[in-house]
Amino acid sequence: MTPSSTATASGGRLRALAAAPAARWFCLLLLCSAYLQGGINKLTDFAGAVGEMQHFGLTPAAPLALAVIVGELGASALILSGFYRWLGACGLALFTVMATLLANRFWEMSGMERFMAANSFFEHLGLAGAFLLVAWHDLQAPAPAARR
């Protein structure tokens, strides 16, 4: 086997692994992990979730905390199940942008606080972009009747 045919064979195996449904699902799980963890934490510590809403000046705090829990867990479930995946991905993209505009207002800060908030702000924009790519990809694929 020549070096180029070895590289071609390795590339083919890597493509096959990357195309495996389990690999795709695992990548989607990683993408949703912060929202699953956040939703479960808020669900198991509802008082803390309400406190978080109050910290950011959001009222009424309890109904908004409940909406965030349902949104994080529900949209993640849509993405992971493939049922209206595009809708769940768009929902988490919108939620992420709104939350980062609220929580990471780096333009109002200075020093190290500004540096850290700016990093978090742009990391979250990247995460929102990843969710929009999931939605775009899902909408490009042929729609099996069971998926929509």
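Residues are numbered from 1 along each chain as its sequence is written, and side-chain values rest on heavy atoms, with hydrogens and water left out. Because the model is predicted, local features need pLDDT of at least 70 and side-chain atom pairs count only at pLDDT 80 or more, whereas totals for chains, interfaces and linings use all residues.

Helices are DSSP runs of H or I with at least four residues, numbered from the N terminus, and their axes are lines fitted to C-alpha atoms over the stretch in contact, with angles running from 0 to 180 degrees between N-to-C directions. The axes of helix H2 (residues 21–44) and helix H6 (residues 111–140) come within 11 Å and cross at roughly 140°. That angle makes H2 oblique to H6, given that angles under 35 degrees count as roughly parallel, over 145 as roughly antiparallel, 65 to 115 as roughly perpendicular and the rest as oblique. H2 passes H6 in a left-handed crossing, a term used if the near helix is turned anticlockwise from the far one by less than a right angle, with clockwise giving a right-handed crossing. In this contact (heavy atoms within 4.5 Å), Arg-24, Leu-28, Leu-31, Cys-32 and Tyr-35 of H2 meet Leu-127, Ala-130, Phe-131, Val-134 and His-137 of H6. The residues involved divide into eight nonpolar, one polar and one charged, where Ala, Val, Leu, Ile, Met, Phe, Trp, Tyr, Cys and Pro count as nonpolar, Asp, Glu, Lys and Arg as charged, and the others, Gly among them, as polar.

H2 also packs with H5 at an angle of about 35°, the axes being 11 Å apart, and this crossing is likewise left-handed. Here Arg-24, Leu-28 and Tyr-35 of H2 meet Arg-85, Leu-92, Phe-95 and Thr-96 of H5, a set that divides into four nonpolar, one polar and two charged residues.

For helix H3 (residues 46–55) and helix H4 (residues 61–81), the axes come within 8 Å and cross at roughly 110°, which means that H3 is roughly perpendicular to H4. The crossing is right-handed, and the residues of the contact divide into eleven nonpolar, one polar and no charged. Among the residues that meet are Phe-46 and Met-53 in H3 and Leu-64 and Ile-69 in H4.

Helix H4 also holds Ser-76, which counts as buried at 0% relative accessibility (buried means under 20% relative accessible area, exposed over 50%, partly exposed in between, with a 1.4 Å probe and protein chains only). Leaving aside its neighbours within four places in sequence, Ser-76 is in contact with Cys-32, Tyr-35, Leu-36, Gly-71 and Leu-92.

A search of the whole structure finds nine aromatic pairs, in which rings of Phe, Tyr and Trp (its six-membered ring) have centres within 6.5 Å, planes under 30 degrees apart counting as stacked, over 60 as edge-to-face and the rest as tilted. Phe-83 and Tyr-84 form an edge-to-face pair, 4.9 Å centre to centre with 85° between the planes; Phe-83 is partly exposed at 40% relative accessible area, as is Tyr-84 at 29%. The rings of Phe-106 and Phe-122 have their centres 5.7 Å apart and their planes at 50°, so this pair is tilted. The pair links distant parts of the chain, with Phe-106 in the loop between helix H5 (85–103) and H6 and Phe-122 in helix H6, 16 residues apart.

Definitions and conventions. Helix = DSSP H or I, 4+ residues; strand = E, 2+ residues; numbered from the N terminus.
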